[in-house]
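Please open the structure in your viewer and keep the sequence beside it. This tour tells you what to select at each stop.

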Amino acid sequence: MATPHVSLTQSLAVFPKTLNPSKLLELSNLDRQCPLHMYLIFFYNPSSIYTNSSLDSVFTKLKIGLEETLSVWSPAAGRLEPNPADGKLNLRCDNRGAILAQAVTDVKISELGDLSNYNEFFEELVHKPALDGDFCEFPLVVAQVTRFGCGGYSIGTGISHSLFDGPAAYEFLSAWATKSAIFKDDKEQYGVELQKPVHERGRLLMGSVPNRCSGKRSAAGSGAGAVAIDHLYKLIMQSAMGNEEMEKKEYGCRTLRVSRGMIETLKKKAFGENGGFPCSSFDVIAAHLWKARTKALSVSKEKMVCLQFAVDARNKLKPPLPKGFSGNSFVLASVALPAKQLEEESYKTIIEMIRDAKSQVDDDYVNAYQLGLDGPQATLPPLKELTVISDWTRMPFHKIEFLHGEAAYASPLKPPILDVAYFLQNPTDSQAIDVRVTLLSQTLDAFSTYFLTSMQ
């Protein structure tokens, strides 16, 4: 394949079709955790249906669909804005619009190889406007449609994590795809019932969070804050004492496919041939990933290592968040052990610890977690002792039909926090899970060996 190149042919601002009154949307501390953009690329293989349609036509329909979607999902057309009193970010809903770009390339999708594996070329398939020194001028939604030399397409999207979490982003993108009605009868979109979004953060705002936990149990086990926050502080202190500088090293991405058979093998390893499998696929893969990653990174045996994973709090709160809630509602659950103990403990024990950490996430835990985020925020450096998992298996992004049929693959770019591993649905095998990890480049082969060997 020749040196790949993408040519940008146009870029414009897209405004809501129906302008909404300008207002300030107060964000929760969960929204403020990571105001960076999450980038996701949808690949659509060439189809005979595309033959008589131009890139300009596809671009125009995407623009019209986005205009209609922004009318309902109005915060997506706004901008982040710091509170002058305390510097905390809020969101100004002021109809300033999203950015939509159009591009072409001579590259064929087939030349990209396995789309589940990250490729540096993917970075050219998303639009990243220049920041120009003012973070609050950056659009919260950016997108780029690219036509490939083979006639296939990609749609690269970037969405600020302060705007939506994963489920909300999935609903937003689904609504946009439906409203665009590309290669569909225009009447088809009227037969699809779209979830009405609820943008107000309501129950999650700090004025609504009691500055206490109920006396029945501390989320941290000692009466104060959320255990995930406590573990992070300990890891940062441990790293500072060790004077590590991992952020200056090179990182790479790799995707490993875990079949149903591999999952069953791990469960048998944990619970025996006839012991039943009282755990989810997430639990057993998370335990295995934690062990394999820690071993591959050669963490000193006396160091504390930590596994954290996102838990959706929508139905954990009392009362639950309303259906269609569009903000961030995920908190991190956490398990920590000395590296030596992690290596020696059985899968069964680690899985039980993961399940116990999940069960701790309740109303009190979410309150404590929010309060733990109320102080000054800083970018978390890469920590080899920290493993974070974001489970996307309940968000089938590849099923979003921007073009004709499902995407061949929906691929995230490198995560803003390099310690994060993604669990993704596999488009061709509904019972398989794709595990995307970002690791120090020189450790990727060792990790792959440790991760796959136990599942053969």
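On a 1 Å grid over the protein atoms alone, a cavity is a set of points where a 1.4 Å probe fits but cannot get out, and lining residues have an atom within 4 Å of a point. Grid points are joined across faces, edges and corners, and a volume is the space filled by probe spheres set on the points. This is a predicted model, in which local features need pLDDT of at least 70, side-chain atom pairs count only at pLDDT 80 or more, and totals for chains, interfaces and linings use all residues. Residues are numbered from 1 along each chain as its sequence is written, and side-chain values use heavy atoms, with hydrogens and water left out.

By this rule there are three cavities of 30 Å³ or more, and the largest cavity holds about 90 Å³ of space. Select Trp 392, Met 395, Phe 397, His 398, Tyr 409, Ala 410, Leu 424, Gln 425 and Pro 427 to see the lining of the largest cavity. Strand E13 (409–412) and strand E14 (420–425) are the elements that give two or more residues to this lining; strands are DSSP runs of E with at least two residues, and helices are runs of H or I with at least four, numbered from the N terminus.

Next, select helix H4 (residues 227–242) and helix H9 (residues 363–372), whose axes, lines fitted to C-alpha atoms over the stretch in contact, come within 8 Å and cross at roughly 35 degrees, on a scale from 0 to 180 degrees between N-to-C directions. Here Val 227, Ala 228, Ile 229 and Tyr 233 in H4 meet Tyr 365, Tyr 369 and Gly 372 in H9, where contact means heavy atoms within 4.5 Å.

Finally, show the whole protein, which has ten helices and 15 strands.

Definitions and conventions: On a 1 Å grid over the protein atoms alone, a cavity is a set of points where a 1.4 Å probe fits but cannot get out, and a pocket is an open set with protein on both sides within 12 Å along at least five of seven lines; lining residues have an atom within 4 Å of a point.
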